[in-house]
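Try each task before reading its solution.

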Amino acid sequence: MQDLLTEKWEDFLKRYYWDEIIELSNSYPEKRSLLVKFSEIDIYDPNITDMLLDDPDVILESAARALREIDIPTGVTLDEANFRVIGLPRVVKIRDIRSRDIGKLVCIEGLVTKATEVRPKIVEAVFECPFCHRQFSVMQTGSQSQNQSQFKEPYECPKDDDGCGRKVQRFTLLVGKSKFVNAQKVRLQESPEELRGGELPQALDVNLEDDISGEVTPGDRVIVIGILRSHQRITQFGKKLFFDIYLDANSLELKEGEFEEIIITEEDELKIMELRDQPDVYERIIRSVAPSIYGNEEIKEALVLQLFSGVPKELPDETRVRGDIHVLLVGDPGVAKSQLLIYQVNLAPRGLYTGGKSSSVAGLTAAAVRDEFGEGRWTLEAGTLVLADKGIAAVDEIDKMKKEDRDALHEAMEQQTISIAKAGMMARLNSRCSLLAAANPVGGRFNKYDPISKQINMPPTLLSRFDLIYTLIDRPGAEMDRRTAEHIIETHYAGELLARLKNKRKIGEEGEESFREQMEAMKPVVPVELLRKYVAWSKRNVFPVMSEGAKKKFLEFYVGLRGQSYEDEEAPVPITARQLETLIRLGEARARTRLHDTVTDEDAEQVINVVTYCLNQVFTDPETGRLDVDWIAAGTTKSRRDRARSVREIIKGLEDDYGEEIPVEEVLDLAEEEGMERDKVEEIIDVMKRDGILFSPGSGVIKFVR
Ligand code: ADP
Ligand code: MG
């Protein structure tokens, strides 16, 4: 039977893959795998493909034997070549794997979240008997092995012509004569775009051997074909009834491309074009973001621009510029920050939501750990920003993130990579995603007069990497409160009615009519499913360029603002080139919302408004009302620095009269004469004490630390 099969395979290979085999033999053993399409085997003999799916161990073994024994005119024998099958017609979802699939050939798609180092694994161990010096080998692999990573050692010397047949405590392992193969273990997880409504992603571990090991890093999307296996769970109390499953890979393909997973039919395309042709498509899309949340139009607009994002580019000098737009929401509790994040993730074709204090070791970025997954090997594990590659990562309460993450985030946001160098592992993972972050101020409520960096415990350098920052401040105001309350009450009411309907209860005296009206008013203008497809289509197909008019508008805006400081040497720096880059990205994103291939004058104007709103809100010195980038980029302002300098000089001046210990009251009086407010000066003195410049040797006096 086996021989028959091998003959059949040989016939197939000669008829269908002869050229490829010759090619392989020319670059053998550097190249060592023959990739065979499932469909071609099927054409040759559908019985074989049936058997292949059903009993892959036997069939693949005979195929490999046929390949290894084939006679090649060049004289090379492909004695260690691999026979790998690609292109299975059906992909099984990780969550749909069932016990009937065990032992079968299956095709799985997913995201690599963890990968161990590549290490040699022994496949054929050669032992020597210490008494008769007989050498013999023991195969270490094979489908029947109970525990995959258990090393099989013989108990007795084989009893035949050369062997003594004695029982031996320990045989000598001849490492040099044994055969090894490179091996790696990876964990595949369901892709975020396959999950709906906060489903927990499920995972499957995959063993990769020989030339397909070391080919993937965490964050990669792959298609793996292999044999599904199970092994019994063993705890300290013994063997369990439950079995764990894993995949022994036969072939592996990397999947590239953006939003491939979102299928857009011709019918969808018609709807997309219909939406594009609406004169108010931009407003419609904005109104479709989180309709249950009242107000916050500016933020919703920013979220729309983030969804579409700018164009990632390579400049002529080969530097890469991100197209992704990073947005930060800072604000009081209970202002729907978290809700906005969750909504955005739901809209994004590829979105991931996480808390800043994520429980996984990899956190937001990535980690190298040595754990039981790697069986002693180091494992590289991807965090949120890697897993959200080419999508949107929403990080709630980013103020609570781990220190390691904070350090790695700089690189992740700008270069969009995450580098790991630990224990000899060097890796650079991609994190080409937009970051949408929310932060709660440390003091509970947002205080306009303290630098944001201090309030949310984030270094200014990191803060300045956000394209757009919004503060959400919750201040009671009669008009706004009433309208927000009405909105919340109405949405909840609609929800209540819907719950009644779902549970097949009567709507009530108001009747169906008013209920329908209610529901219509609450629905997003553009349905979520359509919007996701619209975004995906746009990002796949639309690559806008700036019109001459748009270029001019951006230039004038930038130079206009910077110009305010040209004459006045004392003036703060209003904006930097970073904000200019933000404008360009936003302009591209806005053109994409109309599926338009030029950034028009109108796009430029509108995104200038978006940026201006942000600048006024968070880049403005709260005391002077002037634009000052340092408020974000350095956590202080020019006016504060000036004041601090004046206070310092006043104290120094007083030393002539009072010696080293200066009465605070005296400093306050003098400062007041110079036009500073007493409480601000007190604040400065406090900061100087905190920074270790001053200290209090007694009540009401201060002294310089020398
Ligand atoms: P945060 O994360 O800012 O602390 P949440 O997102 O948890 O706040 O919001 C608290 C609750 O208040 C949510 O259920 C949210 O829907 C509601 N809420 C707050 N502001 C609004 C608003 N403007 N419109 C509708 N609902 C709101
Ligand atoms: Mg929250």
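The exercises below cover helix packing and cysteines.

This is a predicted model: local features need pLDDT of at least 70, side-chain atom pairs count only at pLDDT 80 or more, and totals for chains, interfaces and linings use all residues. Residues are numbered from 1 along each chain as its sequence is written, and side-chain values use heavy atoms, without hydrogens and water.

**Exercise 1.** Describe how H17 and H18 pack.

Step 1. Find the helices, which are DSSP runs of H or I with at least four residues, numbered from the N terminus. H17 covers residues 548-563 and H18 covers residues 577-593.

Step 2. Take the axes, lines fitted to C-alpha atoms over the stretch in contact, with angles from 0 to 180 degrees between N-to-C directions. The angle is about 155°, and the axes lie 11 Å apart.

Step 3. Classify the pair. H17 and H18 are therefore roughly antiparallel (over 145 degrees).

Step 4. List the contacts (heavy atoms within 4.5 Å). On H17, Phe554, Phe557 and Tyr558 meet residues of H18, including Leu580 and Ile584.

**Exercise 2.** Which residues of H18 meet H19?

Step 1. H19 spans residues 601-618, and its axis comes within 9 Å of that of H18.

Step 2. Gln579, Thr582, Leu583, Leu586, Gly587, Arg590 and Ala591 in H18 make the contact.

**Exercise 3.** How many disulfides does a search of the whole structure find?

Step 1. Apply the criterion: a pair of cysteine sulfur atoms within 2.5 Å.

Step 2. The search finds zero.

Step 3. Check burial (under 20% relative accessible area, 1.4 Å probe, protein chains only). Cys107 is buried at 3%, and Cys129 is buried at 0%.

Notes:
Chains are lettered from A and ligands numbered from 1 in the order in which they are written. Buried means under 20% relative accessible area, exposed over 50%, partly exposed in between (1.4 Å probe, protein chains only). Helices (H or I, at least four residues) and strands (E, at least two) are DSSP runs, numbered from the N terminus. Angles under 35 degrees count as roughly parallel, over 145 as roughly antiparallel, 65 to 115 as roughly perpendicular and the rest as oblique.
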